[in-house]
Amino acid sequence: MTHVIVVPPDLPAPHIIKPAADALRHGDLVAFPTETVYGLGANTLDADAVAKIFVAKGRPATDPLIVHVPDIQQVATVADLSDLALTAMVERIAAEFWPGPLTLILPKRDTIPDNVTAGLNSVGVRIPDHPIALSLLKLARVPIAAPSANRFSHPSPTRALHVFDDLKNRIEWLIDGGSTEVGIESTVLDLTQATPTILRPGGTTVESLIALLGDVDYTPRVVADGTASTGPGMLLKHYAPNTPFYLIEGAPQAVIRTTQQAANDRPQQKIGIIAPDFIAKALDEMGLLVLGLGDMPAEIAASLYAAIRDLDRRELDVIIAIHVHGDGVLVAVRDRLYRAAEGNIIPTIS
Ligand code: TXA
Ligand code: MG
């Protein structure tokens, strides 16, 4: 049985959250909203509780979890900050980006169970920017290990219903706090490298990290040839729906022509399309089933996963995503579309 509790995100009354926080502290799994996506939380210090996360999600034990803490003081309870230069860098980053959609990879403390970090000697840490997540952390009085609250390889959940669809009766608690604002996961920044390295682009932009830190390594993912990248959790088949998922990228006119051609080539098939609004409008006029993601980068990020899940429920033969151009949070959107398409790129016709 999954207990669902509904909490208005702007008024997270502690007495409503307290039973879930107590249960989490004592070993239950609690799904909860953050500003990025819903997380599936367990008491970080309880290896048995953490093990239940991997079972509930069907997640391989080789993929480490992010540890959530409510304030900067508590970072030192999970990460080894004995290196003063590292501490100074964490403080500088925290002052600008925490609470917020940024995870720092730091040397771990020995108190963190091995299954949290998949045996690595580093740990991912972040302070989420969401009143419910912060309230849950304070009431539970333990750091919360939480991956995104989806079944392994599905798109991350941005609404409580997505969590329910994937994990009902596999978890004890679900706190429904409405839609998440950012809609895409946190940026993962590795501070154990000589140069800070972005392992996963996300809600904190690459540009803003470079502005603060100067030197930052980031290699954008290009999977047109289907090659996988390295690194834990950087598996290619990620964020994917069940329906075969294709990507079309290029200039607007070429993309529109190619999509129409792709539809003509598949007369017997049911096709669903996701695209930025300005392209969605043109495709809609051609009679295609298309969900518009909005035109502003923040809108596109916030609506992406819900749109993919929406199409995935309609028993289509194919989903086609139109690639997005631009920087800021769209770098992360592009990364997710590449991962979901697993190298299925439809070449544009001119
Ligand atoms: O926004 C988010 O980050 C959400 C919310 C719930 O906080 N969480 C999330 O967790 O997306 P998850 O588990 O789906 O993705 C965590 C990513 C994975 O790619 C994992 O491999 C990486 O962070 N990661 C965690 N610890 C790491 C470590 N010690 N070294 C390298 N990568 C790590
Ligand atoms: Mg995930």
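What we are looking at is a predicted model, in which local features need pLDDT of at least 70 and side-chain atom pairs count only at pLDDT 80 or more, while totals for chains, interfaces and linings use all residues. Residues are numbered from 1 along each chain as its sequence is written, chains are lettered from A and ligands numbered from 1 in the order in which they are written, and side-chain values use heavy atoms, with hydrogens and water left out.

By that definition the structure holds eleven salt bridges, and I will go through some of them. Arg 59 pairs with Asp 63, their closest N and O atoms lying 3.4 Å apart. For burial, the terms are buried for under 20% relative accessible area, exposed for over 50%, and partly exposed in between, with a 1.4 Å probe and protein chains only. Arg 59 counts as buried because its relative accessibility is 13%, and Asp 63 counts as buried at 6%. In the salt bridge between Lys 108 and Asp 114, where the N to O distance is 4.0 Å, Lys 108 is buried at 13%, whereas Asp 114 is exposed at 51%.

Another salt bridge, at 3.8 Å from N to O, joins Arg 313 and Asp 165. This pair links distant parts of the chain, 148 residues apart, with Arg 313 in the loop between α10 (297-312) and β14 (318-322) and Asp 165 in helix α6. Helices and strands here are DSSP runs numbered from the N terminus, helices being H or I of at least four residues and strands E of at least two. Arg 313 is partly exposed at 49%, and Asp 165 is partly exposed at 34%. Glu 185, Asp 335, Arg 336 and Arg 339, finally, are linked in a network of salt bridges.

Let me turn to the sheet. Ten strands form an open sheet of mixed pairing, in the order β1-β8-β2-β3-β7-β4-β6-β5-β9-β10, where two strands pair if DSSP finds at least two bridges between them. Because β1 (3-6) and β10 (197-200) each have a single partner strand, they stand at the edges, and one side of each is left without a neighbour in the sheet.

Gly 100 is buried, with a relative accessible area of 1%, and its C-alpha atom is separated by 7.7 Å from that of Arg 126, 26 residues apart along the chain.

How values were computed. A salt bridge is a side-chain nitrogen of Lys or Arg within 4 Å of a carboxyl oxygen of Asp or Glu.
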